[in-house]
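Load the model in your viewer and keep the selection tool handy. We will go from stop to stop, with something to pick out at each one.

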Amino acid sequence: MAPPLNLDNIQGDILSGLPKKGEIFFFFQINKDFVKDFCTGIGELAHHVTSVTQCENDRQKIIKEKERAALHDTTPKLLELSGINIAFSHKGLKTLGIRDPIHDEVFEKGMVADADGEDREIPQPPQNRPPLYLNDDLSVWEPEFRDVEIHGVILITGSSHPKLKDTLAKVKRIFKVGQKDATITEVTQVEGHVRPGDVHGHEHFGFADGIAQPAVDGVPALVHRGTDTIHQGVILLGRPGDEKENDRPSWALDGSFLAFRKLKQKVPEFQKFLDDKARDTGLSSDLLGAKLVGRWKNGAPVENFPLQPVKPEEIAIFKAAAKDSSQNDNFRYDQIVKQKNCPYAAHTRKTNPRDDIAFNTSAHQEHRIIRRGIQYGPEVTDEESATSTSSPDSKLERGLLFVCYQSDISKGFSFIQKLWANNVGFPFDKKDAPPPQAGFDAIIGAALSNKPEPSRYMSGFDASDQAKRLSLTDDWVIAKGGEYFFSPSISALQDTFAQAA
Ligand code: N7H
């Protein structure tokens, strides 16, 4: 039987989230001539890896500083904090000689193979089964993610850019990067930052993010940030609720699979679409955006607030509900009114359908993920926003460095993307009456890349005619790369990874 959960031994990003203003993802390849030295480096790095407990302690310090500042009516001081986590691709495990089967086919084949397939299956009505690929256009992937073997990623978080750079320098010293006997080589690195000022906590399209997360059974109250409680094994390997609990190698206990995606967002183009279609559909641009995402920009769910509040008292309730974490994730999709309030294809409904599939069953739980993303790229410039009224053009690149954790990628990220977001037929026909086909997840749903344009659509944006379709004339989110990784426990880093060669 597995020992009790020890939060000092689990990498902090998984169950708590590394506190961050900025984050560097340092993708590396292990130098095959220096594998033994690399393992020694892992033994040293393990002492600096931030655990769940450490994340929570750091978060407490931030909360206390905010309380102190509020009491004295001053601006909170920026605390000098940093965090380090590490994860390995399947190729990385093989390079280290760690060959016990971990029992996750999607992890083993890697994201490039999962992204696009030569032998695409064409969806066959009436099941409308999607092809079982992520439907990325690999020709627009960055070559470092597509053509180069990536063995692992080091996640470095910090309260400022200099802090990130300092921590990265410390990591590079451990692995002798840049020296003759370097144990790793940088494949690429990406740096993300939370957005500034009023849009802090919002992603680049302008929507509040990081609201809905499942809480994990038995994890103390401080790290509970969610309304639904899921089994530990949905996120952690070898714990109850992990279907392969008894087949996992012992070093995999309390690790989790990390899916990373670099997702470019075409912001002026998305805004122009909303403005144009608002005119055609009679909805306001903000309401149409809320119908595509499933939440208003302030985070209030469109299921509970299907209309833009106008009276001052309604506006106050709306704003309070958006901020209140006991309300803003505590709702179900009404099965009687179907898409009247929120389209089936809205991003939050596709990716967590709540009552659209039997709620609180293991089938519901097994598709939950914990998300830890951060934005990259600059704010939209004046020049770019000026284009959104005529022919919109993202001249600069920005988007989301998407990260999620799960114990089974084929049930977590890969399932959500392929079988829900990309599947026009999901949620599946119900027996009472064939529902209008939901269409694609309006934000991340991807049609086949060799599609005749424009092929993406959704229904449900019009409450009075739920079958009416809206043509989604562009892909506003484009995958630029990514990989699947395994994030081991800290004791596994010390006992297995540091001793591997
Ligand atoms: Fe999403 N967005 O701005 O539209 N996401 N997401 N996501 N997402 C969510 O509830 C967004 C992506 C999930 O439990 C919110 O925290 C964007 C991928 C899940 O109700 C917003 C991108 C996948 C949820 C966004 C992107 C998911 C969720 C609402 C890409 C997985 C929780 C805020 C650039 C395959 C749903 C919140 C729930 C919420 C946005 C990517 C999954 C605003 C822009 C790739 C499970």
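Predicted model: local features only at pLDDT ≥ 70, side-chain atom pairs only at ≥ 80, totals over all residues.

**The iron.** Start with the ligand and select its iron atom. Which residue donates to the iron from the protein? The single protein donor is His347, through NE2, at 2.0 Å. Colour helix H11, residues 347-351, and you will find His347 in it.

**Thr188.** Next, pick strand S4, residues 184-193, which holds Thr188. Buried or exposed? Thr188 has 12% relative accessibility, and because buried means under 20%, Thr188 counts as buried. Leaving aside residues up to four places away in sequence, show its contacts: Phe25, Phe26, Phe27, Glu144 and Phe145.

**Helix H8.** Now select residues 267-281, the 15 residues of H8. At 1.5 Å a residue they should span 21 Å, and the end C-alpha atoms are 21 Å apart, so the two agree. Show the buried residues, among them Phe270, Phe273 and Leu274. The buried residues of H8 pack against strand S7 (256-265), helix H9 (285-293), helix H13 (382-387) and strand S12 (469-471). Just after H8, click Gly282, which takes a positive phi of about 80°.

**H2 and H15.** Finally, display H2 (residues 35-46) with H15 (residues 490-497): their axes come within 9 Å and cross at roughly 155°. That makes H2 roughly antiparallel to H15, and the crossing is left-handed. For the side chains, select Cys39, Ile42 and Ala46 in H2, which meet Ile490, Leu493, Gln494 and Phe497 in H15.

Methods: Residues numbered from 1 in each chain as written. Heavy atoms only, no water. Donors = N, O, S within 2.8 Å, 3.2 Å for Na, K, Ca; no water. Helix = DSSP H or I, 4+ residues; strand = E, 2+ residues; numbered from the N terminus. Buried < 20%, exposed > 50% of the residue type's maximum accessible area, 1.4 Å probe, protein only. Contact = heavy atoms within 4.5 Å. Expected span 1.5 Å × (residues − 1). Axes fitted to C-alpha atoms, helices over the stretch in contact; angles between N-to-C directions. Parallel < 35°, antiparallel > 145°, perpendicular 65-115°, else oblique. Left-handed = near helix turned anticlockwise from the far one by under 90°.
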